Amino acid sequence: MRVVTVAQMKQIEKLADANGVSYYQMMENAGTAAYRILRQRVPHAKHIAVVAGKGNNGGDGFVMARLAAQDGLSVTVVLAEGEPVTRDAKTNYALLHALPVTIQTADTVRSIHADVVVDALYGTGFHGSLRPSGQKACDFMRTSGAYVLALDVPSGLQADTGIAADGAVKAQCTVAFDSFKQVHIAPAAAAFCGTVVLADIGVPDACHPHA
Ligand SMILES: NC(=O)C1=CN([C@@H]2O[C@H](COP(=O)(O)OP(=O)(O)OC[C@H]3O[C@@H](n4cnc5c(N)ncnc54)[C@H](O)[C@@H]3O)[C@@H](O)[C@H]2O)[C@@H](O)CC1
Ligand SMILES: [K+]
């Protein structure tokens, strides 16, 4: 079982990019793998809400939103902290405009009724405590009553330690991308991660440490 730090994960992705698997392709693979896992775990899902942050974790969520809309599901995307800022997340957000996807801001989040919530708020980039906008989005996810699937890391948890900020998301399932991080094996984080499923995002074996 491969467990890496966030710094090692960045290095792995950099090497993969240099070896022909672009960052954009890894995001596509991550979102596609997570969507497949979602369909296996909640086959009867009809309405999914993707709660997206501004970084690449949000980008993975936009890929899932696109695939779900193409599959005929009802899809709501919540821009919890505004529009995306990273290049690949912006590209994947733009692709949603041609699809029947409802885009909402955090202000209207309480009115959403979904059977699945995708936590694409923060991944490995999270540190510190939740600020008001993040808190609001996490409150919605925690209290929605929906099946919560977290992308890479349940929002509000630090990937390298598994320490949870007050108000962090509790997921039924967490999809870990490429490698496990401490959060996926730390006993204190188990109740937040739920079932952890590892997803291949196309990184060549040789890009991993000690490969
Ligand atoms: N090539 C890549 O880098 C890939 C990244 N992937 C995804 O990208 C994630 C990492 O993406 P990012 O590094 O863009 O970061 P995240 O998307 O995890 O975090 C989003 C932003 O939140 C900010 N933030 C940190 N702590 C905060 C706090 N307490 N309150 C409010 N905002 C806070 C960070 O500055 C960061 O810009 C991974 O977990 C994974 O899901 C995947 O798409 C696979 C490929
Ligand atoms: K997340």
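Biologist: Which helices each supply at least two residues of the shell around ligand 1?

Modeller: Helices (H or I, at least four residues) and strands (E, at least two) are DSSP runs, numbered from the N terminus, and a residue is near a molecule if its C-beta atom, placed from the backbone, lies within 6 Å of it. This is a predicted model, in which local features need pLDDT of at least 70 and side-chain atom pairs count only at pLDDT 80 or more, while totals for chains, interfaces and linings use all residues. Residues are numbered from 1 along each chain as its sequence is written, and chains are lettered from A and ligands numbered from 1 in the order in which they are written. At least two shell residues each come from helix H2 (23-41) and H3.

Biologist: How many residues surround ligand 1, and which element gives the largest share?

Modeller: The shell holds 30 residues, with Gly-55, Asn-56, Asn-57, Gly-123 and Gly-125 the closest. The largest share, five residues, is supplied by H3.

Biologist: In E4, which residue is the bridge partner of Val-51?

Modeller: Strand E4 (residues 116-120) runs parallel to E1, and five bridges join the two. The bridge partner of Val-51 in E4 is Asp-119.

Biologist: Which residues does the UniProt annotation "binding site" cover?

Modeller: The annotation comes from an unreviewed entry, and such annotations may be inferred rather than shown by experiment. The record marks Asn-57, Asp-119 and Ser-155. Although they are spread over 99 residues of sequence, they cluster in space, with a largest C-alpha distance of 9.8 Å.

Biologist: Is Ser-155 buried or exposed?

Modeller: Ser-155 is placed in the loop between strand E5 (147-151) and strand E6 (173-177). A residue is buried if 20 or more other C-beta atoms lie within 10 Å of its own, exposed if 12 or fewer, and partly exposed in between. Because 31 other C-beta atoms lie within 10 Å, Ser-155 is buried.

Notes
Two strands pair if DSSP finds at least two bridges between them.
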